[in-house]
Amino acid sequence: MIDAHDRTIVNLDNDEIYDLHSEDGVETSATYREYRSYVKRKSWFILFCAVVLLLGVFAASYVGAMDIPFLDVLRYIFTLDTSGLGRIVWDVRMVRIVACVLVGAGLAVAGVVMQCVLRNPLASPFTLGLSSAAAFGASFSIIFLQAGTGLSSFMSIDNPYVTTISAFLFSLLATALILLLVRITRVSAETMILAGIAISAIFTAGLSFMQYIASDTQLANIVTWMFGNMGRATWNWDLIVFAVLLPIALYFIYRRWDYNAMDAGEETAKGLGINTERERTIGMVLAVLVSSVIVSFFGIIAFIGLLGPHIARMVIGGDHRYLIPAAMVIGALILLVSDMVGMTIMGPMVIPVGIITSLLGGPLFIYLLIRRYR
């Protein structure tokens, strides 16, 4: 980053500091060119990922049980034609594709912020037990608050607002426990993950109890729902997720400099005038809100909050100016590709996307654990 007042550039990737005060204009110019190159590389990478995501959207719109010529699919998309086969493209395929993009971006940005404010590279909605807590809240509302009705092949959410609020409240409870551990006990990063496992186990036990007392239809539908399935997407659900994600993502981008300072350490951030406790609390609550809305609609989709941020971080470093948008685009791309794989690998049977992301994220989680202990 560059400070316009003292003309100092800080390279967040390798902690180098360049001073632009120089009697030699050549040195200043060379340093500035290096900084511009630093910015350009990251910007081009984000643009490249966005283009690949767009191509992925077109490819996914061609994947489905009914064979529709690719050129016709493109025509239906660009002309917004919903008549005939165009209705299949828009109301069956595109609604699912938009859901993948929004959900992947939402879980990835939640993972970025959690990893920053908790200073824990293993933090994510799934590893901290928040997904299990949100799933417990959603299932609780379906069974006890009459927010859902069991049908023959899927779970119909009659009142998504009650489901979302219930999921958010229970995941907020899990968040409060984690923040309490961070603030009072000053636990280590590894202990926080163990606490997340314990929290997840508690809510999983609650889920098991509800499955035990549920009817056969409810039991089958809840188990299917917990896998994480993008096939339940509707335009109304996509709109709700978008309405929640957009302002929260913009807030995270607005606070990108604060997150950079917090990455440098608690004392450094406080020395720069940042209220770290407030930012940590707000960041966690907003990340939980995004996660709980997603889980309450689409079930548990594991490890996107780890895959997106860490792949982006490995390529462009930890500067949150670029890390946040890059992680969102990569998270969206990973979930979109995973859903395509789930739809085609054993067609016509569709594998829930939560199973695919778990297969991808499990090895990454093990790799990160080994890397930390090394």
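In the predicted model, helices α9 and α13 are roughly perpendicular to each other (a label for angles of 65 to 115 degrees), since their axes, which come within 8 Å, cross at roughly 110°. Helix α9 spans residues 256-263 and helix α13 residues 320-344, helices being DSSP runs of H or I with at least four residues, numbered from the N terminus. Axes are lines fitted to C-alpha atoms over the stretch in contact, with angles running from 0 to 180 degrees between N-to-C directions. The contact (heavy atoms within 4.5 Å) is made by R256, W257, Y259, N260 and D263 of α9 and by H320, R321 and I324 of α13.

Among the contacting residues are I304, L307 and I311 of α12 and L323, I330 and I334 of α13.

The largest nonpolar core has 106 residues, of which M230, F298 and I301 touch the most other members. Such a core joins buried Ala, Val, Leu, Ile, Met, Phe, Trp, Tyr and Cys residues through side-chain atoms within 4.5 Å, buried meaning under 20% relative accessible area with a 1.4 Å probe, protein chains only. Helix α3 (residues 85-117) supplies the largest share of this core, 19 residues.

Residues are numbered from 1 along each chain as its sequence is written, and side-chain values use heavy atoms, without hydrogens and water. Because the model is predicted, local features need pLDDT of at least 70 and side-chain atom pairs count only at pLDDT 80 or more, whereas totals for chains, interfaces and linings use all residues.

How values were computed
Helices (H or I, at least four residues) and strands (E, at least two) are DSSP runs, numbered from the N terminus. Angles under 35 degrees count as roughly parallel, over 145 as roughly antiparallel, 65 to 115 as roughly perpendicular and the rest as oblique. Buried means under 20% relative accessible area, exposed over 50%, partly exposed in between (1.4 Å probe, protein chains only).
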